[in-house]
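Hi,

Here is the structure you asked about. Please open it first, then read my notes below.

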Amino acid sequence: MKYTSQAVAMPYFIAAIALFVGQIVFGLIIGTQYVIGDFLFPEIPFNIARMVHTNLLIVWLLFGFMGAAYYLVPEEAETELHSPKLALALFWVFLTAGVLTILGYLFVDYNTLAEATGNNLLATMGREFLEQPLLTKIGIVVVALAFLYNISMTMLKGRKTVINIVLLIGLWGLAIFFLFAFYNPSNLVLDKYFWWWVVHLWVEGVWELIMAALLAFVLIKTTGVDREVIEKWLYVIITLALVTGIIGTGHHYFWIGTPGYWQWWGSLFSALEPLPFFAMTVFAFNMVNRRRREHPNKAAVLWALGTGVMAFLGAGVWGFLHTLAPVNYFTHGSQITAAHGHMAFYGAYVMVVIAIISYAMPILRGREANSNRAQVVEMWSFWLMTVSMVFITLFLTAAGILQVWLQRVADAPQPFMMVQDQVALFYWMRLWAGVIFGIGLVTYVVSFFVKGAPARVEVTTPQTA
């Protein structure tokens, strides 16, 4: 650790992993409820468990992004963090607000929660992924602005690098587009139109900049490739991500009452959205092949390489499968969408956050890398989680194809619930794959506590083409 203020990243990383565990627990609950309808009912209804599952995903990734920024920015800027005390204070505020919100979902009727938190003053609740109470949304904005002030001031007083600039643009974009969560017009078409300005322009826009910056940082540190080479790749990736991602928002406007030209714009630019993820995959493998050193943290390199591959498959390939308007006409809102969402979030964001945690945590704990034994356990967790996520995606895809055929394409379309009964086998298989994923996550947590001899020190090797 080069700068003492980087230590503030550790509680953020710990909270991120703890909330990740919570997210998977609720994922397994709703996976079970798909096949055993009254499981944990009425204690935890499906709609509440699903809300907790998705909200925990967003919150723990934000913790991961913030921790990564607190670790990365001082090192890139070559200066101490502007205010470590502010960073720690924001951690406790954000964690407390997040935990109280989740507890509110679980133990307070949602209507009562809305009334108690001022939703009658400014109605923002009840929309998918934006279910947070008004007070929580305001808290998120306050925390985000204070966090951005801390990071921006750190960068302004230190060295300006492409990685820091790209990361900062992504983080500011994250905060700015979240403001549309407060805009809830009575017109449903207008509501959905701007709802996507949060949901899509986060995950298929500014979050991609954050992912690219974190991946570039890990690869610089673990491969020793010249910064100039990595920065050129970064320019290409973020340009492709912004051009395709922003206009690609149109693939959400196909069937919500917007003008028909969005079917052309959405289809065209959505078809190009796999390009930045393909470039990211080539980038990651190219940098590792050109490495000038064998870094002792092989687990972090594995997560970095996995990020490129799984992001390309989940966000790129599975996104393209149902993004063209003539195809999406039949597939939208089906389990094919869920398949894409699961692998895309895991590949693009979960894995890159784990990659930066895998690289940074050993250093924050006073060593260059975890022991070889610990890394073996961690790499087992990588394969357990990644392979099981592939199977989750395949099972949901199979369920979605059958669902679309029976419910929307067949000469005699069947009712929704009748079709759900016929695809239940795939839901069972998805559930068991989810159990394996949970085992992989537990294995990952266990890897932090595995003792052993120090990892092999880095060895300089000739550069290869």
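How far apart do the C-alpha centres of domain 1 and domain 2 lie? They lie 21 Å apart. This is a predicted model, so keep that in mind as you read.

**The two domains**

Domain 1 covers residues 1–160, and domain 2 covers 218–450. Their contact takes 28 residues from domain 1 and 30 residues from domain 2. Together they bury about 2500 Å² between them. Of that area, 81% is on carbon and sulfur atoms. On the domain 1 side, Y34, V35 and Y71 lose the most area, together 21% of what that side buries.

There are polar links too. Two salt bridges are counted between the domains, along with three residue pairs in polar contact. In domain 1, α1 and α2 each give two or more residues to the side that touches domain 2. The most come from α1, with 13 residues.

**Helix α3**

Helix α3 runs over residues 84–107. It reaches 35 Å from its first C-alpha to its last, close to the 34 Å expected. Its buried residues include L90, F91, F94 and L95. Among the elements covering the buried residues of α3 are α1, α2, α4 and α5.

**E204**

E204 lies in helix α7. Is E204 buried or exposed? It is buried, because its relative accessible area is 16%, under the 20% cut-off. E204 and A315 are 111 residues apart in sequence, but 8.6 Å apart in space, C-alpha to C-alpha.

Best wishes

Conventions:
Residues are numbered from 1 along each chain as its sequence is written. This is a predicted model: local features need pLDDT of at least 70, side-chain atom pairs count only at pLDDT 80 or more; totals for chains, interfaces and linings use all residues. Side-chain values use heavy atoms; hydrogens and water are left out. Helices (H or I, at least four residues) and strands (E, at least two) are DSSP runs, numbered from the N terminus. The expected span of a helix is 1.5 Å times one less than its number of residues. Buried means under 20% relative accessible area, exposed over 50%, partly exposed in between (1.4 Å probe, protein chains only). Contact means heavy atoms within 4.5 Å. Domain bounds come from an automatic or database domain assignment. Buried area is the accessible area (1.4 Å probe) that two parts lose on being put together, summed over both. A salt bridge is a side-chain nitrogen of Lys or Arg within 4 Å of a carboxyl oxygen of Asp or Glu. A polar contact is a pair of N or O atoms within 3.5 Å; within protein, one must be able to donate a hydrogen and the other to accept it, and residues adjacent in sequence count only if both atoms are side-chain atoms.
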